[in-house]
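Please look over the model shown here before reading on.

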Amino acid sequence: MGSTAYLLSVIAVAALATFLTRALPFLLLYRWAQHPLLQHLGRYLPPVLMVLLLLYALKDALVSGQYLLPSLLSLALVTALQLLLRNPLLSILSGTGLYMLLIQTLPPG
Amino acid sequence: MTEPDRSAFRLSLPVLFGYIPLGIAFGVLFSELGYHWLYATLMGVVIYAGAGQFLAVGLLANHAGLVEVFVATLLLNARHMVYGLSLLSTLSLRGPRRWYLIYALTDETYSLLSMLQAGCDRSRTRLQFKLALLNHLYWVIGCTLGAWLGGQIGFSTAGIEFALPALFMVLTLEQYRAVRRPGVFILALAIGLLALLISADNMLLLSIGMAVSLLIMAKGGAPWDRRRIF
C-alpha cells in the first residue's frame, strides 16, 4: 500500500541524520584534534556532560515531582556505596533495587 | 569468555537494565502504528537512538515529510556532535571498527567510553568496541520484544529503568575522581537546572549548548580557576 516504502524512507532518513550528528566532528575536525581549544573541550566536556545526562535522566522526577523522593534516596545510596566501595555494578544494582522497591510499595507522590 | 569479554559485559550491565525496558517502551509504541514488528528491529539496528526513534514514531503517525524527518532528527540528536568532539583524540580504533563506534555513539555508550580514556593499549580498544556492540544488542532486543509482544506485557519490573540515572551518578562520581574541580560540576548542575526551568522538553540540547559556549568563552581563563581569571 505504499506505506512500507514511506516507512523505509523515514527509517533511512532518520538513520542518516542520526549518523551525521555522530560523525560530523570526526569528519570535520579530526585534523585539528590537537588544537588547544578542542583539547580543552575534550577535557572538560565529559564531567559537564555526565552531570547534564544525570539531570536529564531525572528530568521527569524533577519537573513533575513524582517519585522525586525515591529518586533522591536511591541516588544517595548509589553515591554512598560508590564512595565507600567503588564497585560500580554493586552501586547501580543496589540503587536500582531500592528505587524499584520504593516506587512499587509506596503510593506515588 | 575471555577477560576483556567479561569486563565488557560487567561494564555494560547497567545499560542492559536501562535499554531493555526503554527499547520495549519504544517497541510497544511503534506496534500501535500497525507495521510488522521486524521494522522495529530494523529501526533499532540502523537508527539506534532512543529519543530519535520515539520522535520517528510521532512523525510516522503524522505522515511527516522526509525533509521534516531529517531536520527534526538532526536537531534532536545535535548533542551527539558534542560527544564526538570530546572523544576526538581518544577514539584510537582504526578502520571499520572506528566507524562502528561513531555510528553507535549513544548517550550511554559515550558515557562508558569517556571513562575508558586513560591509556591506549590494544585491550582497551577491543573493550571499547565490545561495549558499543553489547549496548547496541540490548537496544535491538528491547525494540524487538516491545514491538513483537505489543501491549501484552504487564510491567512488574516498574522502576528498573532507574539503572540509567544510577549509571550517570556513578560516572559523575568517577569523573570527579579524574577532574577534581568542584566548580566544573557546580557550574554544570546550575546550567542543567536553568535549562530545565527554561524548557524541560529541550533541556539536554539547551544545556549542552550553554555549556559548550561557556567552555569556549572560558578558554584561556576558565572562570572556576582563580589562577587563570583574566
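## Fold of chain B

In this predicted model, the elements of chain B, taken from the N terminus on, run α-α-α-α-α-α-α-α-α-α-α. Chain B accordingly has 11 helices and zero strands. Of its 230 residues, 45% count as buried, and among the contacts in chain B with a separation of 6 or more, 75% are accounted for by residues 24 or more positions apart.

Helix α7 of chain B, residues 107-115, is largely enclosed by the rest of the structure, because eight of its nine residues are buried. The buried residues of α7(B) include the charged pair Asp107(B) and Glu108(B), and with them Thr109(B), Tyr110(B), Ser111(B), Leu112(B), Leu113(B) and Ser114(B).

## Contact between the chains

The contact between the two chains takes 61 residues from chain A and 68 residues from chain B. On the side of chain A that touches chain B, at least two residues each are supplied by α1 (3-29), α2, α3 (59-64), α4 (68-85) and α5 (88-105), while the largest share, 19 residues, comes from α2(A). By class, this side of chain A has 45 nonpolar, 14 polar and two charged residues.

Thr21(A) counts as buried because it has 23 C-beta neighbours inside 10 Å, where 20 or more are needed. Leaving out residues up to four places away in sequence, Thr21(A) touches Leu74(B), Asn77(B), Ala78(B), His80(B) and Met81(B).

## The largest nonpolar core

The largest nonpolar core has 95 residues, and those with the most contacts inside it are Ala14(A), Val48(A), Leu52(A) and Leu54(A) from chain A, together with Leu167(B), Phe168(B) and Ala188(B) from chain B. The largest share of this core, 13 residues, comes from helix α2 of chain A, residues 36-57. Domain 1 (3-175) and domain 2 (181-225) of chain B both give residues to this core, which therefore lies between them. In soluble globular proteins, nonpolar side chains tend to be buried together.

Which residues does Leu54(A) contact, leaving aside its neighbours within four places in sequence? Leu54(A) is in contact with Pro165(B), Phe168(B), Met169(B) and Thr172(B). Of these partners, Phe168(B) is also listed, as is Leu54(A) itself, among the residues with the most contacts inside the core.

Key
Residues numbered from 1 in each chain as written. Chains lettered and ligands numbered in written order. Predicted model: local features only at pLDDT ≥ 70, side-chain atom pairs only at ≥ 80, totals over all residues. Core = buried A, V, L, I, M, F, W, Y, C linked by C-beta atoms within 7 Å. Buried ≥ 20, exposed ≤ 12 C-beta atoms within 10 Å, placed from the backbone. Helix = DSSP H or I, 4+ residues; strand = E, 2+ residues; numbered from the N terminus. Domains from an automatic or database assignment. Contact = placed C-beta atoms within 7 Å.
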